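Here are my notes on this protein for your first read-through. Keep the structure open beside you and check each point as you go.

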Amino acid sequence: MIIRPAIASDVDAVFAIRLKVTENRLTMAELAARGITKTAWFNWLENGTGVWVAETGGAVGAGGVITGFAIALPKEATLWALFVDPECDGQGIGSALLKTAEDWLFAQGCDEISLTTEANPKIRAHGFYERHGWILTGDADGGQVEYVKGSAAGMGLWADDMLDMPV
């Protein structure tokens, strides 16, 4: 598996994944009503939005299969989307995409990043984000809840590389 920046020709594969998910499922009409369209995809690729895809089953650049994607908005310090093809669950794709988006947002100068997900505590997203160090804030709006995560530098937390530093 490789994680790479998305390109324009990934659009159909990304929308196919978005329509296949079993949780937070939306139809193409519902996506469009929220401004999530193929036209928007091309705008995201051009306007400084972080967009990545996970590609499996082929050599780098040899046209593997798109198995997941992530979208991050640096101006809002937000992980806006993270979806994996349900047929590829449990392969580490979501974790790899999440790390890529987090690292990129922190590198853009975001000291604290956020995301929202469905408030229903039974969805898998809650456990996934909590296992990756995200903290539920309790803020809810329109059936959504917010998670936050701070950078080691911005939040005064220990980073793994600090363990080797002399005191």
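**Notes on the fold and its interior**

1. **Overall order.** Along the sequence, the elements run β-α-α-α-β-β-β-α-β-α-β-β-α. That pattern comprises six helices and seven strands. Keep in mind that this is a predicted model.

2. **The chain as a whole.** The protein has 167 residues, and buried residues make up 40% of them. Its accessible surface comes to about 9,400 Å². Carbon and sulfur atoms account for 54% of that surface. Now take the contacts between residues at least 6 apart in sequence: 58% of them join residues at least 24 apart.

3. **The largest core.** Which residues have the most contacts inside the largest nonpolar core? They are Leu79, Leu82, Leu97, Leu98, Tyr129 and Trp134, in a core of 24 residues. Helix α4 gives the largest share, five residues.

4. **Leu79 up close.** Set aside residues up to four places away in sequence. Leu79 then touches Ile71, Ala72, Leu98, Ala101, Leu105, Ser114, Leu115 and Tyr129. Two of these names, Leu98 and Tyr129, are also on the list of residues with the most contacts inside the largest core.

5. Another core lies apart from the largest one. This other core has 19 residues, among them Ile17, Val51, Phe69 and Ala81.

6. **Trp52.** This residue sits in strand β2. Is Trp52 buried or exposed? Trp52 counts as buried because its relative accessibility is 8%, below the 20% cut-off. Leaving aside neighbours within four places in sequence, Trp52 is in contact with Ile3, Arg4, Pro5, Ala6, Gly68, Phe69, Ala70, Ala72, Leu97, Thr100, Ala101 and Trp104. Look at Ile3 in particular. Trp52 and Ile3 are 49 residues apart along the chain, yet their C-alpha atoms are separated by 6.5 Å.

7. **Aromatic pairs: Trp44 and Trp80.** The structure holds six aromatic pairs. One of them joins Trp44 and Trp80, with 5.1 Å centre to centre and 65° between the planes. This pair is edge-to-face. It links distant parts of the chain: Trp44 is in helix α3, Trp80 is in strand β4 (residues 78–84), and the two are 36 residues apart. How do the partners differ in cover? Trp44 counts as buried, at 12% relative accessibility. Trp80 is partly exposed, with a relative accessible area of 36%.

8. **Aromatic pairs: Tyr129 and Trp134.** The ring centres of Tyr129 and Trp134 are 6.1 Å apart and the planes meet at 65°, so this pair is edge-to-face. Both Tyr129 and Trp134 are buried. Ring pairs also link Phe128, Tyr129, Trp134 and Tyr147 into a cluster.

9. **Glu102.** Find this residue in helix α4. Glu102 counts as buried because its relative accessibility is 8%. What does the side chain of Glu102 make a polar contact with? The partner is the side chain of Trp134, at 2.7 Å. Beyond neighbours within four places in sequence, Glu102 is in contact with Ile113, His132, Trp134 and Lys149.

10. **Thr37.** This residue lies in the loop between α2 (28–33) and α3 (38–46). At 28% relative accessibility, Thr37 counts as partly exposed. A polar atom of the Thr37 side chain lies 3.0 Å from the backbone nitrogen of Ala40. Leaving aside neighbours within four places in sequence, Thr37 is in contact with Phe15 and Ala32. Thr37 and Val11 are 26 residues apart in sequence and 9.6 Å apart in space, C-alpha to C-alpha.

11. **Cysteines.** How many disulfides does a search of the whole structure find? The count is zero. Cys88 counts as buried, at 13% relative accessibility. Cys110 also counts as buried, at 8%.

Definitions and conventions. Residues numbered from 1 in each chain as written. Predicted model: local features only at pLDDT ≥ 70, side-chain atom pairs only at ≥ 80, totals over all residues. Heavy atoms only, no water. Helix = DSSP H or I, 4+ residues; strand = E, 2+ residues; numbered from the N terminus. Buried < 20%, exposed > 50% of the residue type's maximum accessible area, 1.4 Å probe, protein only. Contact = heavy atoms within 4.5 Å. Polar contact = N/O pair within 3.5 Å; in protein donor to acceptor, adjacent residues only side chain to side chain. Phe/Tyr/Trp six-rings, centres within 6.5 Å; stacked < 30°, edge-to-face > 60°. Core = buried A, V, L, I, M, F, W, Y, C linked by side-chain atoms within 4.5 Å. Areas by Shrake-Rupley, 256 points an atom, 1.4 Å probe, with all protein chains shown as cover. Disulfide = S-S within 2.5 Å.
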